[in-house]
Amino acid sequence: MDGCRDAMRDATVDFMQVPLTAAQRRDFYHMSLAAIRQYSAVFAVSDTYAIGRMHFLQEQGMKISKEISIVGFDNMGLCERAYPCLTTVGQDAYERAKAAVAALQKLKAGEITEAVQKIHVYLVERESVGEYDAT
């Protein structure tokens, strides 16, 4: 999250520390509903979190992509089965695994490896994001 905060420090962005368990997240969403309704978009750290929030907001009567846009991260197959289909950030699983194995091999050999690995990401545009209307 630090990298995301750094990249967006000049933007008008709020960060919410969302609980780990589904039950805790649901309680958190209930307590934060008034604040969430003020947002135009949500970027979640995973597709699982994004879809959970999307379902919660739909249960509260919010229209995804019309009242609020939601974007996940991972590009899981579940994204295409969610309604509306989830816009997400994807990355090459092969490249991610290759970087992880290379780092583990270096560590095993006693070599120093970079703690941060950079892997190319791409946006997968689907129906959970709509046009922003500031009016």
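Glu-59 and Arg-26 form a salt bridge, with their closest N and O atoms 2.3 Å apart. The model is a predicted one. Glu-59 sits in helix α3 and Arg-26 in helix α2, so this pair links distant parts of the chain, 33 residues apart. Glu-59 is exposed, with a relative accessible area of 51%. Arg-26 is partly exposed, at 35%.

## The salt bridges

How many salt bridges does a search of the whole structure find? It finds three. Side chains of opposite charge can pair when their charged atoms come close. The table lists the pairs.

| Pair | Closest N and O atoms |
|---|---|
| Glu-59 and Arg-26 | 2.3 Å |
| Arg-126 and Glu-80 | 3.7 Å |
| Lys-98 and Glu-95 | 3.9 Å |

Take Arg-126 and Glu-80. Arg-126 lies in the segment after β4 (121–124), and Glu-80 lies in the loop between β2 and β3, so the pair ties together parts that are 46 residues apart in sequence. Arg-126 counts as buried, at 16% relative accessibility. Glu-80 is exposed, with a relative accessible area of 53%.

Lys-98 counts as partly exposed, at 45% relative accessibility. Glu-95 is partly exposed too, with a relative accessible area of 34%.

## A buried charge without a partner

Asp-47 belongs to helix α3, which covers residues 47–59. Asp-47 is buried, yet it has no salt bridge. Which side chain of opposite charge is nearest to Asp-47, and how far away is it? The nearest is Arg-126, 6.3 Å away.

Asp-47 does touch other residues. Leaving out residues up to four places away in sequence, its contacts include Gly-72, Phe-73, Asp-74 and Asn-75. Met-76, Cys-79, Leu-86 and Thr-88 are also among them.

Helix α3 has 13 residues. From its first C-alpha to its last it reaches 18 Å, close to the 18 Å expected at 1.5 Å a residue. Just after α3, Gly-61 takes a positive phi of about 90°.

Which residues of α3 are buried? They are Asp-47, Tyr-49, Ala-50, Ile-51, Arg-53, Met-54, Phe-56 and Leu-57. These buried residues pack against α2 (22–36), β1 (41–43), β2 and β3.

The largest nonpolar core has 20 residues. Those that touch the most other members are Tyr-29, Met-54, Leu-57, Ile-64, Ile-68, Ile-70 and Leu-86. The elements that give two or more residues to this core are α2 and α3. Helix α3 gives the most, with six residues.

Setting aside neighbours within four places in sequence, Tyr-29 is in contact with Val-18, Ile-36, Tyr-49, Gly-52, Arg-53 and Phe-56.

## Strands β1 and β2

Strands β1 and β2 run parallel, and three bridges join them. Ala-41 stands opposite Ser-69 in β2. Why is β2 described as largely enclosed by the rest of the structure? Four of its five residues are buried, so β2 is largely enclosed.

## Backbone exceptions

Most residues other than glycine have a negative phi, and most peptide bonds are trans. This model holds some exceptions.

Ser-65 is one. Its phi is near 80°, a positive value in a residue other than glycine. Ser-65 lies in the loop between α3 and β2. Is Ser-65 buried or exposed? Ser-65 is buried, with a relative accessible area of 17%.

Asn-75 also has a positive phi, about 60°, although it is not a glycine. Asn-75 lies in the loop between β2 and β3. Asn-75 is partly exposed, with a relative accessible area of 25%. Asn-75 is also one of the residues that Asp-47 touches.

Then comes a peptide bond. From Tyr-83 to Pro-84 the bond is cis, with omega near -10°. Pro-84 lies in the loop between β2 (69–73) and β3 (87–91).

Technical notes:
Residues are numbered from 1 along each chain as its sequence is written. This is a predicted model: local features need pLDDT of at least 70, side-chain atom pairs count only at pLDDT 80 or more; totals for chains, interfaces and linings use all residues. Side-chain values use heavy atoms; hydrogens and water are left out. Buried means under 20% relative accessible area, exposed over 50%, partly exposed in between (1.4 Å probe, protein chains only). Lys and Arg count as positive and Asp and Glu as negative; His and the chain ends are not counted. A salt bridge is a side-chain nitrogen of Lys or Arg within 4 Å of a carboxyl oxygen of Asp or Glu. Contact means heavy atoms within 4.5 Å. The expected span of a helix is 1.5 Å times one less than its number of residues. A nonpolar core is a set of buried Ala, Val, Leu, Ile, Met, Phe, Trp, Tyr and Cys residues joined through side-chain atoms within 4.5 Å. Two strands pair if DSSP finds at least two bridges between them.
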